[in-house]
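Student: I have a model open and I'd like to learn how to read its features one at a time. Can we go through it together?

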Amino acid sequence: MDDTHQCYQLLRSLPSKFDSIVQNILWWTDDTFKYKDVLLELVAEETRIDFRDSLNLQRSQNEIFSIQKSRIKCHNCGKFGHFKKECRYGSTAASSGAPNRRYTECRTPSPKLH
């Protein structure tokens, strides 16, 4: 099988995520349309696609975290959207002399027995 035929076979077998690079490679001159060069270009494109996908995954995870973070209440100032260690406001508990507790206790009134 000659080099050109191998290149065409390889390009035809690729998944659709490689369509743009395949179109670009098909415009190459005969001097650069060699199996080794095509293969190197495809490996480089796969690396770019994987990197782009990982960035998109990180962005979506950060968006999910920021949405979830909007429900978090700071134990320092009582405002929503940040943790105590990220609080920009002064420590209200430290200035009032109250103990610095990580979690506030929820107490329900006990039922009165008659």
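Student: Is Tyr8 buried, exposed or partly exposed?

Tutor: Tyr8 has a relative accessible area of 42%, so call it partly exposed. Keep in mind that this is a predicted model, where local features need pLDDT of at least 70 and side-chain atom pairs count only at pLDDT 80 or more, while totals for chains, interfaces and linings use all residues. Residues are numbered from 1 along each chain as its sequence is written, and side-chain values use heavy atoms, leaving out hydrogens and water.

Student: Which residue forms an aromatic pair with Tyr8?

Tutor: A pair of aromatic rings is described by the distance of the centres and the angle of the planes. Here, rings of Phe, Tyr and Trp (its six-membered ring) pair if their centres lie within 6.5 Å; planes under 30 degrees apart are stacked, over 60 edge-to-face, and the rest tilted. Searching the whole structure turns up one aromatic pair. Tyr8 pairs with Phe33 in a tilted arrangement, 5.1 Å centre to centre with 50° between the planes. Tyr8 sits in helix H1 and Phe33 in the loop between helix H2 (19-25) and helix H3 (35-69), so the pair ties together parts 25 residues apart in sequence. Helices here are DSSP runs (H or I, at least four residues), and strands are too (E, at least two), numbered from the N terminus. Phe33 is buried, at a relative accessible area of 6%.

Student: Which residues of H1 are buried?

Tutor: In helix H1 (residues 3-12), they are Cys7, Leu10 and Leu11. Looking down the axis of H1, these buried residues fall within an arc of 95°, so they line one face of the helix. That arc is taken from the directions from the helix axis to the C-beta atoms.

Student: Which residues make up the largest nonpolar core?

Tutor: In soluble globular proteins, nonpolar side chains tend to be buried together. A nonpolar core is a set of buried Ala, Val, Leu, Ile, Met, Phe, Trp, Tyr and Cys residues joined through side-chain atoms within 4.5 Å. The largest one has eleven residues: Cys7, Leu10, Leu11, Phe18, Ile21, Val22, Ile25, Phe33, Val38, Leu42 and Ile49. H1, H2 and H3 are the elements giving two or more residues to this core.

Student: How many salt bridges are there?

Tutor: Side chains of opposite charge can pair when their charged atoms come close. The rule is a side-chain nitrogen of Lys or Arg within 4 Å of a carboxyl oxygen of Asp or Glu, and the count comes to two. Glu41 bridges to Arg48 at 3.4 Å, N to O. Arg48 also bridges to Glu45, with the closest N and O atoms 2.8 Å apart. Through shared partners, Glu41, Glu45 and Arg48 join into one network. Glu45 is buried at 9% relative accessibility, whereas Arg48 is partly exposed at 41%.

Student: Where is His82 found?

Tutor: His82 lies in the loop between H3 and helix H4 (92-96). It is buried, with a relative accessible area of 12%.

Conventions:
Buried < 20%, exposed > 50% of the residue type's maximum accessible area, 1.4 Å probe, protein only.
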